[in-house]
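Good morning, and thank you for making the time. I would ask you to keep the sequence and the structure in view while I speak.

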Amino acid sequence: MNAQPGSIAKVCLLAGKIMLESGAETYRVEDTMNRIATSFGLENAESYATPTGVQFSTEGEVSYFRRISNRSNDLQRITDVNSISRQITAQSLDAKEALLLLKGIEHQSETFPLWLQFIAAALASGSFAIMFGGSWSDFLPACIAGALGYAAMIWIEKLIEIRFFAEFIASFFIAVIAAFSIHAGFGQHLDKIIIGAVMPLVPGLHITNAVRDLVAGHLVAGISKGVEAILTAFAIGAGVAVLFAFFP
Amino acid sequence: MLLAQLITSYVAAAGFGILFNAPKHSLFQCGMVGMFGWMVYYILVEQGLDAVPASLFGSMLVGILSQLCAKIFKMPIIIFNVSGIIPLVPGGLAYDAMRKFVENDYYTAVQLSAKVMLLAGAIAIGLMFSEVIHQLMKKTSGWLHIE
């Protein structure tokens, strides 16, 4: 299979971009890009991925670069890119077909409808309230606060494209709902309800991924992911703290 | 009590699978992996072990189960990893630490942050350890074939 180096680079970069935007590990992104390049017969391909940008170059060619601006978690897209990369390695796709398929994945909408995501956020929040040692009477308030908080975050993020601000407002909103439900006599532990309800927003995954990248030697990626996680945690903590500052 | 923990951790892990947009037919496995990881953590903590080694063992199991699932169902390992470690991740503690910071209680805040870093490190090492075992098995089985 001999395609133009330019179009191979396009396939590699698009695959890398989709994976990074969907929250794949950095080393896996580089691995996938190199694998695709090798199976198309490109020698000495080098790729370098960070959470905010990805580069690809081959010997004697110009090097390519793509900026990554939005990052979220989308495991379906990672799976799809992975299966395309497998097909390429098995030599059953050429560069043109692969590029078309990848473009399809890039514009693919989410698998689960929004209402199902809210229900999932609600149940996960309630479950976390129990797991962190809350009582069963905390379950329902945590569910409601979690679902509404998650909804608020998605809505505000669409309105104002600053993720940290959306997290700040959403967690403030959660704290208000939790305080109200305690006032109204539902639930016992304010802390457990709030912690459970903010879990869908909390960057626990980013923290762990950051450490993994650091240990694997991807120092730049690890540090930038860690900083993102700390900023998010700070936004959430600050949002909740606003409530405690005004209504101690 | 243990039953409640099992159910809630399953629901939490599977629910996060939906939030992370995991493939539909992997949700059941995601929940199971998360449940087993949390079970190990919960039982060890109940026995009086510190949270850091308990997280280490929990995430080791998550890593091993994820490797198995990835092999059996031919999907990238990250799907099972990510949902599986969600119950173990110190999100609640990270939140606590930040809350202490904004409440000007720096002394407790720094303590809690150090704990968060240790827990995150333990989870990462646990996941890595399972990868190490996987690679070792792959390498050694390769040798056995040659001989």
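Predicted model: local features only at pLDDT ≥ 70, side-chain atom pairs only at ≥ 80, totals over all residues.

Strands and helices are DSSP runs numbered from the N terminus, with at least two residues (E) for a strand and at least four (H or I) for a helix.

Residues are numbered from 1 along each chain as its sequence is written, and chains are lettered from A and ligands numbered from 1 in the order in which they are written.

Let me continue with the sheet. Which strands form it, and in what order? It is an open sheet of three strands in chain A, ordered β1-β2-β3, with antiparallel pairing. Two strands are said to pair if DSSP finds at least two bridges between them. At the edges are β1 (46–50) and β3 (64–67) of chain A, each of which pairs on one side only. On average, neighbouring strands of this sheet are turned by 10° against each other, direction ignored. Axes are lines fitted to C-alpha atoms, for helices over the stretch in contact, and angles run from 0 to 180 degrees between N-to-C directions.

Between β1(A) and β2 (residues 53–57) of chain A there are five bridges in the antiparallel sense, and a hairpin of two residues joins β1(A) to β2(A). In this pairing A:Ala49 stands opposite A:Val54 of β2(A). Helix α2 (residues 26–39) of chain A lies across β1 and β2 of chain A, and runs at about 155° to β1(A).

I turn to chain A as a whole. Chain A holds ten helices and three strands, and its C-alpha atoms fill a box of roughly 70 × 30 × 30 Å along the principal axes. Of its 248 residues, 53% are buried.

Chain A is divided into domain 1 (5–106) and domain 2 (114–246), with bounds that come from an automatic or database domain assignment. The C-alpha centres of domain 1 and domain 2 of chain A are 32 Å apart. Six residues of domain 1 and nine residues of domain 2 of chain A take part in the contact; two residues are in contact if their C-beta atoms, placed from the backbone, lie within 7 Å.

The UniProt annotation "transmembrane region", from an unreviewed entry, covers residues 112–133, 139–156, 168–187 and 227–247 of chain A. UniProt positions follow the numbering used here, feature names are shortened, and annotations may be inferred rather than shown by experiment. Residues 112–133 of chain A are 82% helix and 0% strand, with end C-alpha atoms 30 Å apart. For residues 168–187 of chain A the figures are 80% helix and 0% strand, with 24 Å between the end C-alpha atoms.

Is A:Gly217 buried or exposed? A:Gly217 counts as exposed because it has 10 C-beta neighbours inside 10 Å. A:Gly217 lies in the loop between α9 (204–215) and α10 (219–246) of chain A.

Finally, chain B. Chain B has six helices and zero strands, and 54% of its 147 residues count as buried. UniProt lists residues 5–133 of chain B, in an unreviewed entry, as "domain: Threonine/Serine exporter ThrE".

How many residues of chain B are in contact with chain A? There are 40, and they meet 43 residues of chain A. On the chain B side, α1 (2–19), α4 (78–85), α5 (91–102) and α6 (106–146) each give two or more residues, and α1(B) gives the most, with ten residues. That side of chain B divides into 29 nonpolar, eight polar and three charged residues. In this count Ala, Val, Leu, Ile, Met, Phe, Trp, Tyr, Cys and Pro are nonpolar, Asp, Glu, Lys and Arg are charged, and the others, Gly among them, are polar.

Terms used
Buried ≥ 20, exposed ≤ 12 C-beta atoms within 10 Å, placed from the backbone.
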